[in-house]
Amino acid sequence: MSEVPNVRQRRRRTDADRSVAAILAAAKEVLGTQAHASVEDIAKAAGVSRQTVYAHFKTREALLSAVIDTVSAEAANEMAAARLDEGPAADAMLRLLDVGWQMFRRYPRLPAGAAEENDPEADRDRHSAVADHLDRLLTRGKASGEFDRRLANPWLVSAIVTLGHAAGQAVDAKQLTLEDGVDALAESVLRLCGAARRD
């Protein structure tokens, strides 16, 4: 008989995990195209009640933060699969930047800036995987002579991440077309690193 409560508890945990997964998946899609979507909109897309969303995420900001964590992990996984240790470092840098643009295309309205303002430390943590990939790539490019050795990696990492955000914001504000934004970011990052553009 003692097994029955344990089975029920495991079932409740499984149900809760399914609800969280459904909410996060829906929130990624909804917030990715409608930055100001409400919790009600997300709940409807997830097929759960508004109360269920709030049972797992106490505020809209907490849900947004969890979504950005999920998208950041997705980007880090795609960067890990982008063969950044292969071929010329400049080509690998373009592949890394392309992952960022793929995420932008997938979730063009995801309001990352709001979460960054609310919790700068969490934002640094989210960027740590990207920073690690960049640091290794910059070190490799400097060792091969493709990248300028005079600028320190932490500065270059910070500048590249900032340029990426600026390019995304310019496209979002329609100051640049997506194609021009891709081109401007690639040109700017490679110039910053001291590398020639590879088309």
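Predicted model: local features only at pLDDT ≥ 70, side-chain atom pairs only at ≥ 80, totals over all residues.
Trainee: What share of the residues in the chain is buried?

Mentor: Of the 199 residues, 37% are buried. Contacts give another view of the chain. Among contacts with a separation of 6 or more, 66% come from residues 24 or more positions apart.

Trainee: How do I read the length of a helix, taking helix 4 as the case?

Mentor: Compare the span from first to last C-alpha with the span expected at 1.5 Å a residue. Helix 4 covers residues 60-80, which is 21 residues, and reaches 30 Å, close to the expected 30 Å. Helix 5 has 18 residues and reaches 26 Å, again close to the expected value of 26 Å.

Trainee: Which residues of helix 4 are buried?

Mentor: Start with the general idea. An α-helix has 3.6 residues a turn, so residues three or four places apart point the same way. In helix 4 the buried residues are Leu63, Leu64, Ala66, Val67, Ile68, Val71, Ser72, Glu74, Ala75, Ala76 and Met79.

Trainee: And in helix 5, which residues are buried, and what covers them?

Mentor: The buried set in helix 5 includes Ala89, Ala90, Ala92, Met93, Arg95 and Leu96, and also Leu97, Val99, Trp101, Met103 and Phe104. The cover over these buried residues includes helix 4, helix 8, helix 9 and helix 10.

Trainee: How do I read a helix pair, such as helix 4 and helix 8?

Mentor: Look at the approach of the axes, then the angle, then the residues that meet. The axes of helix 4 and helix 8 (residues 128-144) come within 9 Å and cross at roughly 20 degrees. Angles under 35 degrees count as roughly parallel, so helix 4 and helix 8 are roughly parallel to each other. The crossing of helix 4 past helix 8 is left-handed.

Trainee: Which residues of helix 4 and helix 8 meet?

Mentor: On the helix 4 side they are Ala76, Met79 and Ala80, and on the helix 8 side Ala129, Val130 and His133. By class, this contact has five nonpolar residues, one polar and no charged. Ala76 and Met79 are also among the buried residues of helix 4.

Trainee: At what angle do helix 9 and helix 10 cross?

Mentor: Helix 9 (residues 153-172) and helix 10 (residues 178-193) have axes that come within 9 Å and cross at roughly 165 degrees. That makes the two helices roughly antiparallel, because the angle is over 145 degrees. Helix 9 passes helix 10 in a right-handed crossing. From helix 9, the contact uses Leu156, Ala159, Ile160, Leu163, Gly164, Ala167 and Val171. Helix 10 supplies Leu178, Gly181, Leu185, Ser188, Val189, Leu192 and Cys193. In this contact 11 residues are nonpolar, three are polar and none is charged.

Trainee: What does a positive phi tell me to look at?

Mentor: Most residues other than glycine have a negative phi, and most peptide bonds are trans. Two residues here go the other way. Lys174 has a positive phi of about 65 degrees although it is not a glycine. Lys174 lies in the loop between helix 9 and helix 10 and counts as exposed, at 67% relative accessibility. Arg83, also not a glycine, has a positive phi of about 55 degrees. Arg83 sits in the loop between helix 4 and helix 5 and is partly exposed, at 44% relative accessibility.

Trainee: Is Ser19 buried or exposed?

Mentor: Ser19, in helix 1 (residues 3-33), has a relative accessible area of 18% and is buried, because the cut-off for buried is under 20%. Leaving out residues up to four places away in sequence, Ser19 touches Thr52 and His56.

Key: Residues numbered from 1 in each chain as written. Heavy atoms only, no water. Axes fitted to C-alpha atoms, helices over the stretch in contact; angles between N-to-C directions. Helix = DSSP H or I, 4+ residues; strand = E, 2+ residues; numbered from the N terminus. Parallel < 35°, antiparallel > 145°, perpendicular 65-115°, else oblique. Left-handed = near helix turned anticlockwise from the far one by under 90°. Contact = heavy atoms within 4.5 Å. Nonpolar A, V, L, I, M, F, W, Y, C, P; charged D, E, K, R; others polar. Expected span 1.5 Å × (residues − 1). Buried < 20%, exposed > 50% of the residue type's maximum accessible area, 1.4 Å probe, protein only.
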